[in-house]
Amino acid sequence: MRRTSAIALAAALLLATLTISTAALAQSGLRTEGDAVSARGLYQAEVPVNGQGEEERQGGFARALGSVLAKLSGDRSAMSRPGVGAELRNARDYVEGYDYRQDQGTSPTGAPTFRTTLVVRFDEDQVNGLAGALGLPVWPQPRPKPVVWLAINDGSGPRLMGLQHANAARPLLNRAIERGYSLGLPAGGAAEQALVGAIWRQDTAAVARASARYSPPMQLVGKLYRNKGGWTADWVFVDAGKVLAKWSVSDADARRAMASGADGTADALVKRYGKRGSAGPAGTYRVLFTGIRTTDDYLRLTGHLQKMAVVRRITPVRASGDTLELDLELVSGLAGFRRTMGDEAPFTGGEGEPPVYQMR
């Protein structure tokens, strides 16, 4: 039986979807009808939606903001962090503009398919403030672009994925972009093709020497091969000659196994280069509120505190005259609390230790 090369097989699995883009509902700037609409940069994201109605749009805003926070922090589980889910309900407050795009594809039966994609642009300063207030880690920019040395073997021998095979490597490259950074491929000349044996042995020193012509000195070394249940990808990530991480993923789908290289690399980079948020550590903080003279004042105060994404729990400590002492369990420090008060907060101030706020 005729064998298909690993590269050809990967390319067949990864046929690009034909995209027909329309510039609908442009929110800012001028765009010629028919121009492609796509997310660019850390503060933009695109998500599939079932239509262009208000409810679908608001849900799309929330998912898009979650994607942006994940890229900004480098944390793929950012949406599950304390306080983030609650604030995603207010995602529309961070939107700078949005567009829709119609993507056309083909079903397994050959029939045309259509999907609506919502492309959202968020306000950079507001999102940065939100990330800081929620205590999310910060993955600084500019971010490195490691070189991927990936060999694929479907049974006919390992082959190097070079620049000429970029379409076949698209699941890996696209997943890196989703995580907020980029991966590069080697040129794939004859000398680099000869390196495939070292890649298969995971000889990181030999790969690093061959990669010296590229910058930065970071390499993602991987091999993708068949197993009984599908495919397995073994990965090693190297930074300046030091192995930062090793991992292995098996999956029935070669595309998902391939994409796992981007996730492991992002996790390793964030662990090494990520910075703690500037809003302070999570914990319980004593806060005083003065000017509480009526039941309505108390309800306005507690109602607003309960809506604040940084507040996890409210514990009354002492009431004296018109002053109420509370212990607030916060997902970040008091700086995060101040950032998320909002202009509609029924209190002002925050000076002193513990901080004292006055009811409006």
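Trainee: In which strand is the place of W231?

Mentor: In this predicted model, W231 lies in strand β7, which covers residues 230-239.

Trainee: Why does W231 count as buried?

Mentor: Buried means under 20% relative accessible area. The relative accessibility of W231 is 6%, so W231 counts as buried.

Trainee: Where is N50, and what makes N50 count as exposed?

Mentor: N50 is placed in the loop between β1 (44-49) and α2. A residue is exposed at over 50% relative accessible area. N50 has 73% relative accessibility and therefore counts as exposed. The C-alpha atom of N50 is 6.5 Å from that of T116, with the two residues 66 apart in sequence.

Trainee: Why are α2 and α4 called roughly perpendicular?

Mentor: Two packed helices are described by the angle between their axes and the distance between the axes. Here the axes of α2 (residues 54-73) and α4 (residues 124-133) cross at roughly 70° and come within 11 Å. Angles of 65 to 115 degrees count as roughly perpendicular, and α2 and α4 are therefore roughly perpendicular to each other.

Trainee: Which residues make that contact, and of what class are they?

Mentor: From α2 come L65, V68, L69 and L72, and from α4 come V127, N128, L130 and A131. By class, seven are nonpolar and one is polar, with no charged residues.

Trainee: Which residues of α5 and α9 meet?

Mentor: P171, L172, R175 and A176 of α5 meet R255, M258, A259, G261, A262 and D263 of α9. This contact has six nonpolar, one polar and three charged residues.

Trainee: How many helices and strands are there in the protein, and what share of its residues count as buried?

Mentor: The protein has 11 helices and 13 strands. Of its 360 residues, 48% count as buried. The accessible surface of the protein comes to about 18,000 Å², and 50% of that belongs to carbon and sulfur atoms.

Note on methods: Residues are numbered from 1 along each chain as its sequence is written. This is a predicted model: local features need pLDDT of at least 70, side-chain atom pairs count only at pLDDT 80 or more; totals for chains, interfaces and linings use all residues. Side-chain values use heavy atoms; hydrogens and water are left out. Helices (H or I, at least four residues) and strands (E, at least two) are DSSP runs, numbered from the N terminus. Buried means under 20% relative accessible area, exposed over 50%, partly exposed in between (1.4 Å probe, protein chains only). Accessible areas come from the Shrake-Rupley method with a 1.4 Å probe; for residues, only the protein chains shown count as cover. Axes are lines fitted to C-alpha atoms, for helices over the stretch in contact, and angles run from 0 to 180 degrees between N-to-C directions. Angles under 35 degrees count as roughly parallel, over 145 as roughly antiparallel, 65 to 115 as roughly perpendicular and the rest as oblique. Contact means heavy atoms within 4.5 Å. Ala, Val, Leu, Ile, Met, Phe, Trp, Tyr, Cys and Pro count as nonpolar, Asp, Glu, Lys and Arg as charged, and the others, Gly among them, as polar.
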